[in-house]
Amino acid sequence: MTSIISRTLRRTVIAPSGVRSIATGALRRTALYDLHKAHGARFGPFAGWDMPLVYADQGALDSHLHTRSHASIFDVSHMLQTRIVGADRHRFLERLVVADLKELPVGSSTLSLFTNKDGGIEDDTIITQQQDSLYVVSNAGCADKDYAHLQQHAKAMQDQGADVKVQRIEDHALVALQGPASQRTLERLAGVDLAQMPFMTGRFIDIKGVPCHVARSGYTGEDGFELSVPADAAVAITKGLLENPEVKLAGLGARDSLRLEAGLCLYGSDIDSTTTPMEANLVWTIGKRRRVEGGFIGADVILDQVAKKSGERRRIGLVIDGAPARAHAKVLSPEGEEVGEITSGVPAPSLGKNIAMGYVKKGHHKKDTPLKVMVRNRVQDAKVVRMPFVPSRYHKV
């Protein structure tokens with residue numbers, strides 16, 4: 001099985017599954033574009049950006065395994081960074097997301113969801129409580145939609161006298177350093193001790209004399225950091241990280257397989273505007289106070305589902321025998337009834353198995369439930385497993 005997975009990933013270069021790339025028109029480039037090119041990157045269009053997929057010295061498989069054993073740098077500057085300021089910033093953003101932001105300690109981060117009136121998920125986002133603002137990072141594929149959504153609701157509150165403003169951060173790149181060598185690499189470059197900085201926290205740190213916001217988070221299941229750095233310093237800081245021979249550049253191909261092994265959703269594939277938090281197993285993102293008070297868009301639908309444990313389907317993880325199952329492959333009961341659909345699937349390099357994420361009818365989602373998956377007109381055995389597929393190694397203090 002391992003050799004099959006190796007051959008599959010070595011010959012396949014793809015952008016993350018489920019999100020349509022923009023193949024026409026001018027593509028935007030990040031501040032690190034020339035550095036990627038100098039390292040032999042192979043590029044592909046993704047969410048309106050020309051993004052590195054793999055590099056000359058490493059294919060997607062090698063980058064994946066290197067991240068798990070050492071550390072990799074992912075350019076995620078295509079993601080939307082915003083800053084919410086003003087005395088009413090918490091009241092404003094709590095109208096749009098499910099998190100308890102008023103009680104979030106300064107320096108702490110939380111995964112949250114933008115929701116719609118039908119209880120669907122418009123995007124997932126990481127929000128960090130800063131001393132005088134809320135720092136919000138959301139998906140590249142939803143960037144324009146999210147920013148317009150924020151601006152529309154900010155304008156409505158401003159018209160009612162609220163003190164709130166949405167600032168789009170366009171002069172900073174976003175660089176993710178992921179893997180077990182991340183802490184010592186960043187400590188060496190920044191000259192700081194990060195041992196007491198836990199997962200899902202953020203702080204301001206000078207790196208090579210440049211003020212940066214450093215969040216201990218990521219999208220791989222490994223320990224790591226996301227660095228929001230001034231665009232004009234991004235190349236110098238990235239080169240500084242690369243001075244550690246344990247660190248290499250990695251592209252979107254490895255990023256997709258890493259996040260799926262970690263059981264993390266990709267917006268537009270595993271969650272979308274028709275998916276509720278209950279269906280997606282993301283109820284834990286709803287703050288305890290918010291479950292009582294509501295007050296966010298779609299709260300009536302979402303909290304009713306939570307109270308009744310309703311919803312017709314559930315997101316699951318599957319281990320699949322035979323060929324890998326890709327998005328839209330049908331999931332069947334042992335008797336052959338169609339009960340769901342795959343949303344993401346890859347050969348998992350860390351496991352030597354084929355894994356997938358998808359949705360099935362409620363009742364077919366319990367751990368160890370036997371199922372079938374239709375792959376290229378062949379019926380293959382599958383089993384429901386708990387996620388993450390690979391144990392997470394987030395830093396705890």
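1. Strand β12 gives the largest share of the lining of the second largest cavity, 3 residues. Strands here are DSSP runs of E with at least two residues, numbered from the N terminus.

2. This is a predicted model, in which local features need pLDDT of at least 70 and side-chain atom pairs pLDDT 80 or more, while totals for chains, interfaces and linings use all residues. Residues are numbered from 1 along each chain as its sequence is written, and side-chain values use heavy atoms, without hydrogens and water.

3. The structure has 3 cavities of 30 Å³ or more. A cavity is a set of points on a 1 Å grid over the protein atoms alone where a 1.4 Å probe fits but cannot get out, and lining residues have an atom within 4 Å of a point. The second largest cavity holds about 80 Å³, a volume being the space filled by probe spheres set on the points, which are joined across faces, edges and corners.

4. At least two lining residues of this second largest cavity come from each of β6 (121-129), β7 (134-138), β11 (210-215) and β12 (224-230). The lining includes Tyr135, His213 and Glu226.

5. Asp206 sits in strand β10 (residues 202-207). Its relative accessible area is 46%, so Asp206 is partly exposed (between buried, under 20%, and exposed, over 50%, with a 1.4 Å probe and protein chains only).

6. Leaving out residues up to four places away in sequence, Asp206 touches Ala190 and Pro211 (heavy atoms within 4.5 Å). Asp206 and Glu226 lie 20 residues apart in sequence and 14 Å apart in space, C-alpha to C-alpha.

How values were computed. 1 Å grid on protein atoms, 1.4 Å probe; cavity = no way out; pocket = protein on both sides within 12 Å on 5 of 7 lines; lining within 4 Å. Helix = DSSP H or I, 4+ residues; strand = E, 2+ residues; numbered from the N terminus.
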